[in-house]
Amino acid sequence: VSITVWPNALLQVDYFLQRDVYSDNPFTTYPEPAVPFSLGVMLHNVGLGVARDVWISSSQPVIVDNAAGLLIDFNIIGTEVAGQSRSPSLTANFGDLGPGEIKVGCWWLTSSLQGHFTNYWASFEHLDGAGDPRLSLIQRVRMHEMNHRVRDGRAGADALPDFLVNEVPDSSDLPDTVYLSSGQVEAVNAVTTAPFDGAASGSHMQVRLTNNTATGWTYWRLPDPGANRYRLTSVTRPDGTALPADNFW
């Protein structure tokens, strides 16, 4: 008797949780506005079969160690799967994933208080069609400390979100890696000192930054030349190319 065996899908799951969350500071006398932060997920089917009708039902972040004992609430305000907006929900439908295919999802959340996520863990369970968790198609789940959601603005790149992360711990929490939606992982050079041509003012609203950078991705973290009086609206390279809005904050 001939037996036909179809190959299985095999999923690798990477979560990206933004480290710095900006919102109200409980130790000031006036309320600061909540700035949305991102939770991203990348699904990669490394198997030879099709993963059909994939759904992810995620739990919102939970504070398990709160030294100050302050009440903190999270609110989900947006959901995005494969570049398409969905109703705000932590349950998302990714559809089918073919062999080698990658799909990216993002959730936007706000917090009632500001702070930092400094430690992460996640568990994952897959149920087959009969509700059996033993035959899982999930090969692994990883968590990454994300500095910010960014976008590859190079010619030929897709418009899907990419993730700037701090893989190697350091005292300044500087990013060193970018995970691209194409599945590529590339190194990032961090710069913390570079000169401006002067302070921003009412008569000097365009400030020039000078720095010699290495080939590849570079991340700058610099003192605000406007001393927090102005909002950064655009960044332009010397060749006239404007950076995507996700790439400066």
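Val1, Ile3 and Val5 form a nonpolar patch on the surface. A patch takes residues with over 30% relative accessible area and no salt bridge; nonpolar side chains (Val, Leu, Ile, Met, Phe, Trp, Tyr) are joined within 5 Å, like charges within 9 Å. A salt bridge is a side-chain nitrogen of Lys or Arg within 4 Å of a carboxyl oxygen of Asp or Glu.

The model is predicted: local features need pLDDT of at least 70, side-chain atom pairs count only at pLDDT 80 or more, and totals for chains, interfaces and linings use all residues. Residues are numbered from 1 along each chain as its sequence is written, and side-chain values use heavy atoms, with hydrogens and water left out.

Stay with Ile3. This residue is found in the segment before strand S1 (11-18). Ile3 counts as exposed because its relative accessibility is 73%. The cut-offs are simple: buried means under 20% relative accessible area, exposed over 50%, and partly exposed in between (1.4 Å probe, protein chains only). Buried residues make up 35% of the 249 residues in the chain.

Now look at the overall build. The chain has zero helices and 14 strands. Both are DSSP runs numbered from the N terminus: helices are H or I with at least four residues, strands E with at least two.

Ten strands form an open sheet with mixed pairing, in the order S6-S5-S8-S3-S1-S10-S11-S12-S13-S14. Strands S6 (84-86) and S14 (217-220) are the edges, and each pairs on one side only. Two strands pair if DSSP finds at least two bridges between them. Strands of a sheet pair through backbone hydrogen bonds, either parallel or antiparallel. S5 and S6 pair in the antiparallel sense, over three bridges. Val81 stands opposite Gln84 in S6.

Finish at Pro26, in the loop between strand S2 (20-21) and strand S3 (37-45). Pro26 is partly exposed, because its relative accessible area is 34%. Its C-alpha atom is separated by 8.2 Å from that of Gln114, 88 residues apart along the chain.

Methods
Areas by Shrake-Rupley, 256 points an atom, 1.4 Å probe, with all protein chains shown as cover.
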